[in-house]
Amino acid sequence: EIREKFVEQWKEVKKNYLALAHGSLKTKEGTFESYLAEGENFTVKSVKNPEEGKHAITKYKVIKESSKYSLLEIDLLTGRKNQIRVHFSENGHPLAGDTKYGRKKAKGRLGLHAWNIKFKHPFNKQDMYFETKIPTFFQTFMDSETKPIEESKPKKS
C-alpha cells in the first residue's frame, strides 16, 4: 500500500544531487536538455531524434569551484538512466571518478551524491524533507583555495 502511494506521487517528489565535475563551467547556472538512448555495452548517449530516446532535462548550479573541479547542485527535472553523468560528460565536464562516461583512470568513488529528497507523507500528506551532509570525499578533490560562488550552503528545495 505504501509503495503504491509513493508510485502515485513519484513525479512530484523533489530530488537534488551534488556532483563534482572536472573543470570550471562557463555558465554558473543552467540547464542541459537532450534525448537519451541506451546503446551498446549499456552506455547512454544523447540522440537528436526524439523517437530514438527519452527526453531528459538536468538543471544545475555551481556552488563552489577550485582550479580543477566544480561542486554542483543538480535538480533533475526528469529522471533517466545515467542522465547527470551523460549530460556533464557530453558538455565537457565529466564527473570525478566516472570511468564509464569520463576519464578512464580515476581515483576514488563517483563524484555524484543523492543530497536531499522532499515528498508528501503517504498517509497524512505532510511534507517530508531529508538531507545528507556533503561527503568529505568531495572536499578532498577541492583545492584549499576554492572560489566561492555562493557564501551559504545550497538552498533547500
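Author: What follows is a set of questions and answers on the fold, the salt bridges, a helix, a strand residue and a pocket.

Reader: What is the order of the elements along the protein chain, from the N terminus on?

Author: The model is a predicted one, and the secondary structure of its protein chain comes to three helices and eight strands. Read from the N terminus on, these elements run α-β-β-β-β-β-α-β-β-α-β.

Reader: What is the radius of gyration of the protein chain, and how does the chain compare with a globular protein of that length?

Author: The C-alpha atoms fill a box of roughly 50 × 40 × 25 Å along the principal axes. For 157 residues the globule rule gives 15 Å, and the value for this chain is close to that, so the chain is as compact as a globular protein of that length, with a radius of gyration of 17 Å.

Reader: What percentage of the contacts with a separation of 6 or more is accounted for by residues 24 or more positions apart, and what percentage of the residues count as buried?

Author: Among the contacts in the protein chain with a separation of 6 or more, residues 24 or more positions apart account for 65%. Of the 157 residues, the part that counts as buried is 41%.

Reader: Where do Glu38 and Lys81 lie, and how many residues apart are they?

Author: The side chains of Glu38 and Lys81 meet in a salt bridge of 2.9 Å, N to O. Glu38 lies in strand 2 and Lys81 in the loop between strand 5 and helix 2 (83-90), so that the pair links distant parts of the chain. Glu38 is partly exposed at 44% relative accessible area, and Lys81 counts as partly exposed at 42%. The two residues are 43 residues apart.

Reader: Which strands do the buried residues of helix 2 pack against?

Author: Helix 2 is mostly covered, six of its eight residues being buried, namely Gln83, Ile84, Arg85, Val86, His87 and Phe88. These buried residues pack against strand 1, strand 2, strand 3 (44-47), strand 4, strand 5 and strand 6 (112-120).

Reader: Which residue just after helix 2 takes a positive phi?

Author: The phi in question is about 85°, and its place is just after helix 2. The residue that takes this positive phi is Gly92.

Reader: How far apart in space are Ala19 and Phe88, C-alpha to C-alpha?

Author: Ala19 has its place in strand 1 and counts as buried at 0% relative accessibility. Leaving aside neighbours within four places in sequence, Ala19 is in contact with Ser70, Leu71, Leu72, Ile74, Leu95, Gly111, Leu112 and Phe138. Ala19 and Phe88 are 69 residues apart in sequence, and their C-alpha to C-alpha distance in space is 9.7 Å.

Reader: Which element gives the largest share of the lining of the largest pocket?

Author: About 300 Å³ of space lies in the largest pocket, which is lined by 13 residues, with Lys15, Leu76, Leu77, Thr78 and Gly79 nearest its centre. The elements that give two or more residues to this lining are strand 1 and strand 5. By class the lining has five nonpolar, two polar and six charged residues. The largest share, three residues, comes from strand 1.

Technical notes: Residues numbered from 1 in each chain as written. Predicted model: local features only at pLDDT ≥ 70, side-chain atom pairs only at ≥ 80, totals over all residues. Heavy atoms only, no water. Salt bridge = Lys/Arg side-chain N within 4 Å of Asp/Glu carboxyl O. Helix = DSSP H or I, 4+ residues; strand = E, 2+ residues; numbered from the N terminus. Buried < 20%, exposed > 50% of the residue type's maximum accessible area, 1.4 Å probe, protein only. 1 Å grid on protein atoms, 1.4 Å probe; cavity = no way out; pocket = protein on both sides within 12 Å on 5 of 7 lines; lining within 4 Å. Points joined across faces, edges and corners; volume = space filled by probe spheres on them. Nonpolar A, V, L, I, M, F, W, Y, C, P; charged D, E, K, R; others polar. Contact = heavy atoms within 4.5 Å. Rg over C-alpha atoms; globule rule 2.2 N^0.38 Å.
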